[in-house]
Amino acid sequence: MENGTTILFGLPGVGVDRVEADEHGGRTVHLRTTDPDAAACPECGVFSTVVRQRRTTRPKDLPYGEAPLVVRWHKTQYRCRERLCKRKAFTESIAELPPYARITGRTRRAAAVAVGSGRSVSAVTRELPMSWPVAHAAFVAHAEARLVEPVAPRVLGIDETRRGRPRWSKDEDGKWHRSERFETNFVDLSGPGGLLGQSAGRSAKTVTDWLDARGEAWNSAVQVVAIDPCAAYRAAVERALPHALIVADHFHLVRLANEMVTDVRQRVAREQLGRRGRAVDPAWATAGCCYEPVTGSPSGLWTG
Ligand SMILES: [Zn+2]
């Protein structure tokens with residue numbers, strides 16, 4: 001029969017032996033294993049009763065109340081006596097704390113749900129006992145279990161996004177590597193699909209890998225692909241979607257047109273006036289007009 005403290009603590013697979021309070025108001029919860037399956041060898045599945053040693057670990061768990069809560073799990077390490085099993089010893093583990101896990105499953109889930117609700121990973125790590133990469137990995141696992149395959153759009157948009165500044169890190173051999181700061185986004189330009197996918201990198205392979213993973217039926221449904229004037233993207237689309245019409249997207253075309261018109265204005269101003277152009281010059285009166293927002297149907301954005 002579970003005691004009240006075990007029910008209150010509520011972590012499946014373990015029971016609360018006792019709770020100690022320190023002079024600063026902090027509490028330490030001492031746990032013992034109650035899940036009978038924890039004594040089964042993870043390699044061969046055979047239960048063991050031969051104790052090798054007792055160990056105590058300090059898994060991190062959800063905060064509870066205002067005062068700090070420290071968890072101590074008193075685990076048993078067993079010998080596996082199964083003659084054919086490669087494993088000589090194993091330590092108890094439960095579903096909430098699999099082998100080598102130092103953070104409870106419920107803490108990871110709480111972090112994933114918090115990030116999924118729109119909070120930043122950094123904000124979540126200030127409240128839950130985990131680092132940024134761990135919280136991010138928890139969210140990725142949570143999201144991947146729920147993400148569904150996007151519906152194929154008739155018009156697919158592909159563009160790159162840069163996330164922050166490039167960062168350099170050293171690998172084990174002491175070589176410096178620049179982290180990938182670009183992502184390729186795949187969006188639905190003809191329907192309500194919005195952002196369909198995101199992939200690290202901005203090479204042709206980034207695009208072909210993502211499209212290849214969608215499958216033949218998905219790819220054949222795409223009729224038009226809008227990209228920026230980028231040779232890598234064009235080559236990727238020509239290979240993965242040879243039937244699709246490739247168009248340059250409106251934003252980049254307008255930007256190129258503006259840059260060209262600005263070049264001409266500057267050159268003509270230098271030739272005719274012998275100085276830089278000024279806002280009062282007639283040639284500059286219409287500068288920037290191409291930046292006016294485009295209105296109309298979404299299809300107007302790519303058919304131009
Ligand atoms: Zn075994």
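The following is a conversation about a predicted model of one chain.

Reader: What should I know about the model and its numbering before we start?
Author: The model is predicted, and local features need pLDDT of at least 70, side-chain atom pairs count only at pLDDT 80 or more, and totals for chains, interfaces and linings use all residues. Residues are numbered from 1 along each chain as its sequence is written.

Reader: How many helices and strands are in the chain?
Author: The chain has 9 helices and 12 strands. These are DSSP runs, numbered from the N terminus, with helices being H or I of at least four residues and strands E of at least two.

Reader: Is the chain compact or spread out?
Author: The chain is more spread out than a compact globule, because its radius of gyration is 30 Å, well over the 19 Å that the globule rule gives for 304 residues. The radius is taken over C-alpha atoms, and the rule is 2.2 Å times the number of residues to the power 0.38. Along its principal axes, the C-alpha trace spans about 95 × 50 × 45 Å.

Reader: And what are the domains?
Author: The assignment, which is an automatic or database one, gives domain 1 (1–102), domain 2 (103–147), domain 3 (155–167 + 177–248) and domain 4 (249–286 + 300–304). Taken over C-alpha atoms, the centres of domain 2 and domain 3 are 27 Å apart.

Reader: What percentage of the residues is buried?
Author: Buried residues are 18% of the 304 in the chain. A residue is buried if 20 or more other C-beta atoms lie within 10 Å of its own, exposed if 12 or fewer, and partly exposed in between, with C-beta atoms placed from the backbone.

Reader: Which residues have the most contacts inside the largest nonpolar core?
Author: They are Leu156, Ile158, Val207, Val225, Ile227, Tyr233 and Val237, in a core of 16 residues. The elements giving two or more residues to this core are β6 (155–162), α5 (204–214), β11 (224–227) and α7 (231–240). A nonpolar core is a set of buried Ala, Val, Leu, Ile, Met, Phe, Trp, Tyr and Cys residues joined through C-beta atoms within 7 Å.

Reader: Take Val225; what is it in contact with?
Author: Apart from neighbours within four places in sequence, Val225 is in contact with Leu156, Ile158, Val237, Leu241, Ala244 and Ile246. Contact requires C-beta atoms, placed from the backbone, within 7 Å.

Reader: Where is Lys205?
Author: Lys205 is in helix α5 and is partly exposed, with 13 other C-beta atoms within 10 Å. Lys205 and Ala232 are 27 residues apart in sequence and 8.5 Å apart in space, C-alpha to C-alpha.

Reader: Changing topic, at what angle do α2 and α4 cross?
Author: The axes of α2 (residues 105–116) and α4 (residues 132–146) cross at roughly 75 degrees and come within 8 Å. That makes α2 roughly perpendicular to α4. Axes are lines fitted to C-alpha atoms, for helices over the stretch in contact, and angles run from 0 to 180 degrees between N-to-C directions. Angles under 35 degrees count as roughly parallel, over 145 as roughly antiparallel, 65 to 115 as roughly perpendicular and the rest as oblique.

Reader: Which residue has a positive phi although it is not a glycine?
Author: Tyr100 does, with a phi of about 70 degrees. Tyr100 is in the loop between β5 (89–91) and α2, and it counts as exposed, with 7 C-beta neighbours inside 10 Å.

Definitions and conventions: Contact = placed C-beta atoms within 7 Å.
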